[in-house]
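Let's take a friendly walk through a protein model together. Keep the picture open as you read, and look for each part as it comes up.

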Amino acid sequence: MVRDRSISSRLLDVATHVTMAVVLLITLLPFIHVVSISFSGPKDIVAGNVFLWPVNFDLTAYKLIFSNFLIPKSFLNSVVITALGTAVNMAMTVLTAYPLSKSRLPFRSFFLKMFLLTMFFSGGLVPKFLLVNSLGMYDSFWALTVPLAINTYFMIIMLSFFKNFPKEIEESAKIDGCNDMQALVRIVLPLSMASVMTIGLFYAVQHWNSYFQALLYINSNEKYPLQLILRQIVLQSQIQNLMQGSPIDYQTQANSESLKYGTLVISILPMLALYPFIQKYFVRGVMIGSLKG
């Protein structure tokens with residue numbers, strides 16, 4: 001392969017690398033700042049002395065986290081909710097998108113229009129709450145997964161991928177005796193892992209970062225997800241900041257700030273650790289569409 005070594009090409013390379021470096025810094029600096037604060041002394045946190053490096057290295061934040069029963073419990077709750085919710089989402093998305101990608105499906109146009117309608121109109125918050133309550137899912141993890149079983153936007157992305165899947169591969173499977181379900185499970189899904197894992201990651205991040213559904217449907221403290229606990233910590237910290245003029249325990253305020261940033265780090269790490277393992281699937285399946293009939 002001949003590389004373009006002209007001046008304009010080199011200038012473009014420099015501009016691209018500089019832009020990427022700036023974007024990388026903009027992305028990393030807030031995270032480094034939060035991590036540095038979480039490992040700093042509580043008094044330095046309140047005083048605002050921490051920027052990109054821990055000041056008076058201290059593990060108070062993490063001691064407070066693991067001494068508080070609700071935070072480790074809420075972390076496990078978030079893991080369960082994310083795993084259960086993503087499994088339900090992917091099952092519903094795949095089983096909906098695959099049939100809709102086939103032009104031979106009866107009433108296909110009608111079903112597509114019904115799904116698209118949900119992107120513009122909703123039943124409303126109160127009817128959803130009444131439905132969840134009447135189904136006996138209130139104050140359970142099912143209330144955080146079943147009502148959000150499918151995202152129409154993600155389903156359309158998956159539908160588009162299945163629609164462009166080489167028909168020759170599916171026809172070969174059917175010649176070998178596979179029915180539609182067997183072709184989906186044994187042939188289509190293994191060759192579509194790039195799309196499946198990408199959509200699955202989107203669903204997982206959505207569940208992990210969600211707190212509003214739990215705020216509506218979860219009543220027991222021991223069932224709170226981590227993001228809802230973090231919200232309570234942030235609100236408590238804001239209230240303390242508003243009461244700075246009143247007599248307040250300085251150590252309590254310092255511990256609250258440490259706890260807030262430590263919990264932030266704990267909430268970020270799982271998704272951060274998951275990305276490198278999912279990333280390898282992004283580049284797979286690139287050659288699927290290159291098959292010639």
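This is a predicted model: local features need pLDDT of at least 70, side-chain atom pairs count only at pLDDT 80 or more; totals for chains, interfaces and linings use all residues.

## A partly exposed lysine and its partner

Which residue does the side chain of lysine 174 meet in a salt bridge? The partner is aspartate 180, at 2.9 Å from N to O.

Side chains of opposite charge can pair when their charged atoms come close. Aspartate 180 also forms a salt bridge with arginine 104, where the closest N and O atoms are 3.0 Å apart. Aspartate 180 lies in helix H9 (residues 180-191), while arginine 104 sits in the loop between H4 and H5, so this pair ties together parts that are 76 residues apart in sequence.

Taken together, Arg104, Lys174 and Asp180 are linked in a network of salt bridges.

## A buried pair

How many salt bridges does the structure hold? There are three. One of them joins the side chains of lysine 102 and glutamate 170, at 2.8 Å from N to O. Lysine 102 is in the loop between H4 and H5 and glutamate 170 is in helix H8 (residues 167-175), so the pair links parts that lie 68 residues apart in sequence.

Are lysine 102 and glutamate 170 buried or exposed? Both of these residues are buried.

## How the helices cross

Now find helix H4, which covers residues 70-100. The axes of H4 and H7 come within 8 Å of each other and cross at roughly 45°. That angle makes H4 oblique to H7, and the crossing is right-handed.

H4 has another crossing to look at, with helix H10 (residues 193-209). Here the axes again come within 8 Å, and the angle is roughly 140°. This makes H4 oblique to H10, because only angles over 145 degrees count as roughly antiparallel. The crossing of H4 and H10 is right-handed.

## A nonpolar patch on the surface

Next, turn to the surface. A nonpolar patch there has about 1200 Å² of accessible area together, and its members include Phe107, Phe110, Met114, Leu117, Tyr153 and Ile157. Helix H5 (108-117) and helix H7 (152-163) are the elements that each give two or more residues to this patch.

Which element gives the most to the nonpolar patch? That is H5, with five residues. Phenylalanine 110 is in helix H5, and at 47% relative accessibility this residue counts as partly exposed.

## A buried valine in a loop

Our last stop is valine 50, in the loop between helix H2 (42-47) and helix H3 (60-67). Valine 50 is buried, because its relative accessible area is 9% and buried means under 20%.

How far apart are valine 50 and serine 36 in space? From C-alpha to C-alpha the distance is 7.0 Å, and in sequence these two residues are 14 residues apart.

Conventions. Residues are numbered from 1 along each chain as its sequence is written. Side-chain values use heavy atoms; hydrogens and water are left out. Patches are made of residues with over 30% relative accessible area and no salt bridge: like charges are joined within 9 Å, nonpolar side chains (Val, Leu, Ile, Met, Phe, Trp, Tyr) within 5 Å. Accessible areas come from the Shrake-Rupley method with a 1.4 Å probe; for residues, only the protein chains shown count as cover. A salt bridge is a side-chain nitrogen of Lys or Arg within 4 Å of a carboxyl oxygen of Asp or Glu. Helices (H or I, at least four residues) and strands (E, at least two) are DSSP runs, numbered from the N terminus. Buried means under 20% relative accessible area, exposed over 50%, partly exposed in between (1.4 Å probe, protein chains only). Axes are lines fitted to C-alpha atoms, for helices over the stretch in contact, and angles run from 0 to 180 degrees between N-to-C directions. Angles under 35 degrees count as roughly parallel, over 145 as roughly antiparallel, 65 to 115 as roughly perpendicular and the rest as oblique. A crossing is left-handed if the near helix is turned anticlockwise from the far one by less than a right angle, and right-handed if clockwise.
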